[in-house]
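Have the structure open as you read.

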Amino acid sequence: MKFGDDVPAGYDLSRIRLLGTVGEPINPEAWMWYRRAIGNENCPIVDTWWQTETGAIMITPLPGVTVTKPGSCTLPLPGIFADIVDDDGKSVTDPDKGGFLVIRKPWPGMLRTIYGDNQRYLETYWDKFDRRFYVAGDSARRDKDGYFWIMGRIDDVLNVAGHRLGTMEVESALVAHERVVEAAVVGRPHDVKGESIFAYVVLQGERPVGDEALNLARELRDWVGKEIGSIARPDDIRFADNLPKTRSGKIMRRLLRTIAKGEEITEDISTLENQAILEQLRGES
């Protein structure tokens, strides 16, 4: 998206029959561009949810069978008993209300322990709800049609002045703006609101600086306020040429949180695809 339609238009994509997306929840705007520019409005998009720990895809559309929705991984595969529960482990039945994504029954290929540390396995995946079901660590919601929408990791859900906001929700609103191609949102401590919203944004074309950056940041705040509500307006917006990702394509959100808080980077960044963007992310260039 960042480089427009000219790059894919320079290749013969006529033999592509199926598109896939994994790693991060895909924003609806990116989903629609992917289908149009790469799939020529003709290829099913298989937007999957799964984990290394699950051993296989768990929630996904069946190509040519499942009606898809931009940004949704749709429905669990047959035999996969996925659910969304609240803090008490009760199923969330209200449409579009978020909660914990869990798997209620065992499935083939599931993780059975962590080598040499079974206690950590139990604490990480089972103890949250008294070992009644597998806790994926993701926040999700289910719409009126029963479709699953991944909102991000549980620790990526922000508590802004008592309002719970999924980072994915704010990111999708940002990407819906015509100039934005990618966004990542994290929280940082705030004396009054508890948490404030810090957004890293990648634009089409050149990265703005100076007054242009200030004006565009103001425009994007107003845009998010219109799309979601004033409570979701980012307090900080920082522009970068790209987002920090591992070589497998996952956004390094822990690194972004560290930078947003102004803390020293102590984690391993050897898997960072492009280390040159750190100065941009810190606001130093």
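Let's begin with Glu41, which is found in the loop between helix H2 (28-38) and strand S2 (45-47). Helices here are DSSP runs of H or I with at least four residues, strands are runs of E with at least two, and both are numbered from the N terminus. Before going further, some ground rules: this is a predicted model, in which local features need pLDDT of at least 70 and side-chain atom pairs count only at pLDDT 80 or more, while totals for chains, interfaces and linings use all residues. Residues are numbered from 1 along each chain as its sequence is written, and side-chain values use heavy atoms, leaving out hydrogens and water.

**Loop residues**

Glu41 has a positive phi of about 60° although it is not a glycine. Ala161 is also not a glycine, yet has a positive phi of about 50°. Ala161 is found in the loop between strand S9 (158-160) and strand S10 (163-165). A glycine, Gly249, lies in the loop between S13 and H6. Gly249 and Gly23 are 226 residues apart in sequence, but their C-alpha atoms are 6.6 Å apart in space.

How covered are these loop residues? The table uses relative accessible area: buried means under 20%, exposed over 50%, and partly exposed in between (1.4 Å probe, protein chains only).

| Residue | Relative accessible area | Class |
|---|---|---|
| Glu41 | 46% | partly exposed |
| Ala161 | 43% | partly exposed |
| Gly249 | 33% | partly exposed |

**Helix H6 and its surroundings**

Helix H6 (residues 253-260) is mostly covered, with seven of its eight residues buried. Those buried residues are Arg253, Leu255, Leu256, Arg257, Thr258, Ile259 and Ala260. What do they pack against? Their partners are H4, strand S11 (180-190), strand S12 (194-203), strand S13 (236-239) and helix H7 (278-282), where contact means heavy atoms within 4.5 Å. After H6 comes Gly262, with a positive phi near 75°.

**H4 against H5**

H4 turns up again in a helix pair. Two packed helices are described by the angle between their axes and the distance between the axes. Helix H4 (residues 167-175) and helix H5 (residues 210-227) pack at an angle of about 115°, with their axes 9 Å apart. The axes are lines fitted to C-alpha atoms over the stretch in contact, and angles run from 0 to 180 degrees between N-to-C directions. On the H4 side the contact is made by Val170, Ala173 and Leu174, and on the H5 side by Leu220, Trp223, Val224 and Glu227.

**Aromatic rings**

A search of the whole structure finds seven aromatic pairs. Rings of Phe, Tyr and Trp (its six-membered ring) pair if their centres lie within 6.5 Å; planes under 30 degrees apart count as stacked, over 60 as edge-to-face and the rest as tilted. Tyr125 and Tyr134 are stacked, at 5.4 Å centre to centre and 5° between the planes, and both are buried. The rings of Phe129 and Phe133 have centres 5.5 Å apart and planes at 50°, so this pair is tilted. Phe129 is buried at 2% relative accessible area, and Phe133 is buried at 2% too. Ring pairs also link Trp107, Tyr121, Tyr125, Trp126 and Tyr134 into a cluster.

Some rings have a charge over them, meaning NZ of Lys or CZ of Arg is within 6 Å of the ring centre and within 35 degrees of the ring normal. Lys69 lies over the face of Tyr147, 4.6 Å from the ring centre. The charged end of Lys105 sits over the ring of Phe81, 4.5 Å from its centre.
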